[in-house]
Amino acid sequence: MSISFGDRERLAAQSLLALAIDEDLAHVGDLTSQTVIPVDSRGRVQIVSRKRGVLSGLPIVSMVYAAIGGNLQNGQDTDGSEIVITPQCQDGDILEPGTIIATLTGSVRTLLTGERTALNFLTLLSGTATLTLQFVEAVKGTHAKILDTRKTLPGYRALQKYAVRCGGGMNHRQGLYDAVMIKDNHLAAWVRDPSHSIADAVRSAREAVPEETMVIVEVDTLDQLRLVLPACPDVVLLDNMPTSQLIEAVSIRNRVARSVALEASGGVNLKTIREIAETGVDRISIGALTHSAPALDLGFDWPVASR
């Protein structure tokens, strides 16, 4: 998967930055820096990793300071100088404790004003990338791919899914708009008509969307799997099945419809992931990548400022 920080990620970051800056400055500014730091004070700071992990979100740092610089110049007390950012790593890089990620030089007031906002983005996204890599490493030697879900923070989906790619994972659908995913509640409503079958739901979806649109269906029993495979969805999601059933599901798929990918979901953690991957499933989706990843410990290291 590409880890290019593209237009989708940039637009998401811009929207979130507007909120983040308003939260912190509220059209007043950084009172502490304004009252403690001389307006002409200039300095240098390094963004440093405190723990081992995977970097994600570095392009947002320059966006933070561009946005804050514009805000400060519009009515705040600053020398207006730009922050010069010199990256020493790139997204997707493995960080060790003490790794210098980037050096920032410029107005100390501006550097301080943007410190927490920049770190909030970096620690969150790098934490997601780091957890993703742990799962990816845990399934090495199998052909299972690690995928995220839609269990993301509101507004952060594009960025969190980008972070998953930085960690070596793959993205599930971006939203409800770019794939068909027939889940248990959809099926419950569909089969209220006794003439409808689970396979009919897949066929109905396939007829209604462009050929390139993925059709996924969720099942929680092997009987449902047997019923749906003849309709040839792109993916069958095996929800909360124990590994014994996953093994049998792979065997059934191999006999009936080898082109259909099987995805395991539910009950997946770092203790169970290897056993799940060794069943032969093609994909494993994990909500925890985006809803429960701990922030990666990163910080600003401040040498003595120069005047």
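**Cores and salt bridges**

Tutor: Gladly! The largest nonpolar core has 43 residues, and Ile146, Leu225, Val236, Leu238 and Ile284 have the most contacts inside it. Helix α7 (residues 198–208) gives the most to this core, 5 residues; helices are DSSP runs of H or I, at least four residues, numbered from the N terminus. A nonpolar core is a set of buried Ala, Val, Leu, Ile, Met, Phe, Trp, Tyr and Cys residues joined through side-chain atoms within 4.5 Å. This is a predicted model, where local features need pLDDT of at least 70 and side-chain atom pairs pLDDT 80 or more, while totals for chains, interfaces and linings use all residues. Residues are numbered from 1 along each chain as its sequence is written, and side-chain values use heavy atoms, without hydrogens and water.

Student: Why is Arg165 called buried?

Tutor: Buried means under 20% relative accessible area, exposed over 50%, partly exposed in between (1.4 Å probe, protein chains only). Arg165 has 10% relative accessibility, so Arg165 counts as buried.

Student: What makes Arg165 and Glu9 a salt bridge?

Tutor: The rule asks for a side-chain nitrogen of Lys or Arg within 4 Å of a carboxyl oxygen of Asp or Glu. The closest N and O atoms of Arg165 and Glu9 are 3.1 Å apart, so the pair forms a salt bridge. Arg165 is in helix α5 and Glu9 in helix α1 (residues 7–25), 156 residues apart.

Student: Why is helix α5 described as largely enclosed?

Tutor: Because 9 of the 10 residues of α5 (residues 157–166) are buried, the rest of the structure largely encloses this helix. Among them is Lys161, with a relative accessible area of 0%.

Terms used: Helices (H or I, at least four residues) and strands (E, at least two) are DSSP runs, numbered from the N terminus.
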